[in-house]
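Please keep the structure open while reading.

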Amino acid sequence: MKSAITISLVEEARKGPFVYHDGLADGCARAAAAGFDAVEIFVPSFDPLPELAGLLEQHSLKLAAIGTGAGWVKHKLSLTDGDPDKRAKAIGYVKGVIDLAAEYGAPAIIGSMQGKSGEGTTHEQAIGYLKETLNALGPYAKEKGQPLFYEPLNRYETNLFNTLTEGVEVLESLATDNVKLLADLFHMNIEEADIAQAVLGAGTHVGHVHFVDSNRRAAGLGHMDHGPIVEALKAIGYDGYLCAEAFPLPDADTCAKTTIETIKKLV
Ligand SMILES: [Mn+2]
């Protein structure tokens, strides 16, 4: 397993659960100094990132993934919007991020862009739209040589799918095998009966991990027991990233250092 840490370039997400908020150059330098293998970036749009390739090279970092969440946070686009035009725009946004990430050999993440039902859609309709979308975007990402990550969120953020088990059911109902689950330990801490068991149950469907603590601080700064979770990830043969998608508390560098210490201790 490899380590990654988040950089947000989205001004509206300055209070969001991302470790670095002061640009790519600052984030890459600090991620490398803290000993991370990769960065995960939260972008405001799918516009090119002209400085990224040079910064990754300079700091010997990889790109772990790019998040699409600003499609919702900034542009209010949802893949399950009842309005077909807005849904098409949302799909276009995710395709743009898939293209951008693929330039650096990385996948895109669908988290908050999955939206929720009940705002102009029935639950069945919203789930139908989500599956339709994943069936279209999974093969699109495959053409670019990347998986697509789908992230079940906790009940306060979506009413679609909240657990890894539900996520597996969705994935197994799709016509594509190119969508993988993002296991976010913060969401799982709210929704799962047993986080390690949920990881074991999801098995090879797990494609990415947001590695944080119960309070969305760095792994090691809350009350989660990461030992059995990492053991479960080892047992399923997980070799992807453990990515710190955490609040920069008490500050970004302490968050980074604590995450790396927890990973070194357990992996
Ligand atoms: Mn997450």
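The lining of the second largest pocket divides into eleven nonpolar, eight polar and four charged residues. This pocket, in what is a predicted model, holds about 330 Å³ of space, and of its 23 lining residues P147, F149, G207, D239 and G240 lie nearest the centre. The elements that give two or more residues to this lining are β3 (62-67) and β7 (206-210).

The largest pocket has a volume of about 620 Å³, and of the 31 residues lining it, W72, V73, G111, S112 and E157 are the closest to its centre. Two or more lining residues come from each of β2 (38-42), α3 (70-73) and α7 (185-191), with β2 giving the largest share, three residues.

| Pocket | Volume | Lining by class |
|---|---|---|
| Largest pocket | about 620 Å³ | ten nonpolar, 13 polar, eight charged residues |
| Second largest pocket | about 330 Å³ | eleven nonpolar, eight polar, four charged residues |

Which residues hold the manganese ion? The ion is coordinated by E151 through OE, D184 through OD, H210 through ND1 and E245 through OE, at 2.0 to 2.2 Å, and along the sequence these donors follow the spacing E-x32-D-x25-H-x34-E.

The interior can be described next. In soluble globular proteins, nonpolar side chains tend to be buried together. Here the largest nonpolar core has 84 residues, and those that touch the most other members are I5, V39, L134, L148, Y150, L185 and V209. Taking L134 as an example, and leaving aside neighbours within four places in sequence, its contacts are I110, P139, L148, Y150, V170, L174, T176 and V179. A second, separate core has five residues, including A4, A38, A64 and C243.

S3, in strand β1 (residues 2-8), also makes contacts with residues elsewhere in the chain, touching G35, F36, D37, A38, Y241, L242, I260 and I263 when residues up to four places away in sequence are not counted. Is S3 buried or exposed? With a relative accessible area of 4%, S3 falls under the 20% limit and is therefore buried.

The backbone has some features to check by eye. Most residues other than glycine have a negative phi, and most peptide bonds are trans. Against that background, the peptide bond from L249 to P250 is cis, with omega near -5°, and P250 lies in the loop between β8 (241-244) and α10 (252-266). P250 counts as exposed because its relative accessible area is 56%, over the 50% limit. The C-alpha atom of P250 is 26 Å from that of S112, a residue 138 positions away along the chain.

Positive phi values occur at S60, near 50°, and at R216, near 65°, neither of which is a glycine. S60 is placed in the loop between α2 (52-58) and β3, whereas R216 is in the loop between β7 and α9 (226-235).

Conventions
Residues are numbered from 1 along each chain as its sequence is written. This is a predicted model: local features need pLDDT of at least 70, side-chain atom pairs count only at pLDDT 80 or more; totals for chains, interfaces and linings use all residues. Side-chain values use heavy atoms; hydrogens and water are left out. On a 1 Å grid over the protein atoms alone, a cavity is a set of points where a 1.4 Å probe fits but cannot get out, and a pocket is an open set with protein on both sides within 12 Å along at least five of seven lines; lining residues have an atom within 4 Å of a point. Grid points are joined across faces, edges and corners, and a volume is the space filled by probe spheres set on the points. Helices (H or I, at least four residues) and strands (E, at least two) are DSSP runs, numbered from the N terminus. Ala, Val, Leu, Ile, Met, Phe, Trp, Tyr, Cys and Pro count as nonpolar, Asp, Glu, Lys and Arg as charged, and the others, Gly among them, as polar. Donors are N, O and S atoms within 2.8 Å of the metal (3.2 Å for Na, K and Ca); water is not among the atoms, so sites may look incomplete. A nonpolar core is a set of buried Ala, Val, Leu, Ile, Met, Phe, Trp, Tyr and Cys residues joined through side-chain atoms within 4.5 Å. Buried means under 20% relative accessible area, exposed over 50%, partly exposed in between (1.4 Å probe, protein chains only). Contact means heavy atoms within 4.5 Å.
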